Amino acid sequence: MFSSTFFIRSRALAITLFALTVPLAFAAGDDETSPPAPTPTLRCPEGQIHDKRTGKCVPAKSSSLGDRERFQAVRELAYAERYAAATLVLDAMTDQLDDRVLTYRGFLLRKTGRLVQALGYYRSAVEKNPNNLLVRSYMGQGFIESGDLAAAKQQHEEIITRNGWGTWAEVSLREALASGRTYRY
């Protein structure tokens with residue numbers, strides 16, 4: 001017979017494990033609600049990012065870096081509107097067909113005025129992972145920029161249908177629909 005203490009401890013452990021894994025899920029910028037904090041990466045030459053372990057700028061393809069650090073650098077560089085530098089870091093990602101890589105490729109293309117190409121990457125990311133809410137938000141924001149509000153609203157509805165209400169992806173697209181202003185992260 002199990003005691004109530006066992007169940008309380010089990011539940012506390014489950015809650016703790018969940019709390020520890022949530023930040024990992026959002027670490028790559030999937031659903032960040034605030035702009036990325038600036039790091040020394042912004043002072044690195046193009047094609048390099050700051051390695052926290054060494055305290056130096058290293059090539060984005062360096063084996064000392066993981067894709068998590070690369071995603072954070074892409075997000076930070078994109079926010080700083082250093083799109084060429086962000087693209088070089090994205091080129092260093094391990095899996096170029098990962099839906100997150102496709103999402104960021106689309107984002108960088110959209111931000112450099114190449115919406116038609118961006119939509120191709122966004123669609124590929126959605127095909128790979130229909131539940132990627134961030135790509136749906138970015139695609140919707142692209143539709144807003146092009147004046148296609150019906151398509152943007154459709155992406156917003158998809159986000160909600162996929163349990164995305166209240167996420168950064170949903171809120172940013174909802175606000176962009178209301179204001180006409182899109183986000184740079």
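The model is predicted, so local features need pLDDT of at least 70 and side-chain atom pairs count only at pLDDT 80 or more, while totals for chains, interfaces and linings use all residues. Residues are numbered from 1 along each chain as its sequence is written, and side-chain values use heavy atoms, with hydrogens and water left out. Helices (H or I, at least four residues) and strands (E, at least two) are DSSP runs numbered from the N terminus.

**Nonpolar core**

- The largest nonpolar core has 41 residues, of which Val89, Leu90, Leu108 and Tyr122 touch the most other members.
- At least two residues of this core come from each of helices H2 (67–79), H3 (83–91), H4 (99–111), H5 (115–128), H6 (133–146), H7 (149–161) and H8 (168–179).
- H6 provides the largest share of the core, 7 residues.
- A nonpolar core here is a set of buried Ala, Val, Leu, Ile, Met, Phe, Trp, Tyr and Cys residues joined through side-chain atoms within 4.5 Å. Buried means under 20% relative accessible area, exposed over 50% and partly exposed in between, with a 1.4 Å probe and protein chains only.
- In soluble globular proteins, nonpolar side chains tend to be buried together.

**Helices H5 and H6**

- H5 and H6 pack with their axes 10 Å apart, at an angle of about 155° (axes are lines fitted to C-alpha atoms over the stretch in contact, and angles run from 0 to 180 degrees between N-to-C directions).
- The two helices, H5 and H6, are therefore roughly antiparallel to each other (over 145 degrees; under 35 is roughly parallel, 65 to 115 roughly perpendicular and the rest oblique).
- From H5, Leu115, Leu119, Tyr122, Arg123, Ala125 and Val126 meet Val135, Arg136, Tyr138, Met139, Gly142, Phe143 and Ser146 of H6.
- Beyond its neighbours within four places in sequence, Tyr122 is in contact (heavy atoms within 4.5 Å) with Thr103, Gly106, Phe107, Arg110, Val135, Tyr138 and Met139.

**Strand hairpin**

- Strands E1 (residues 48–51) and E2 (residues 56–59) pair in the antiparallel sense over 4 bridges (pairing requires at least two DSSP bridges).
- Ile49 stands opposite Val58 in E2, and His50 has Cys57 in E2 as its bridge partner.
- The hairpin of E1 and E2 has 4 residues between the strands, and Gly55 in the turn has a positive phi of about 75°.

**Leu173**

- Leu173 lies in helix H8 and counts as buried, at 0% relative accessibility.
- Leaving out residues up to four places away in sequence, Leu173 touches Arg136, Ser137, Gly140, Gln141, Ile144, Ala152, Gln155, His156 and Ile159.
- Leu173 and Gln155 are 18 residues apart in sequence, and 8.6 Å separates their C-alpha atoms.
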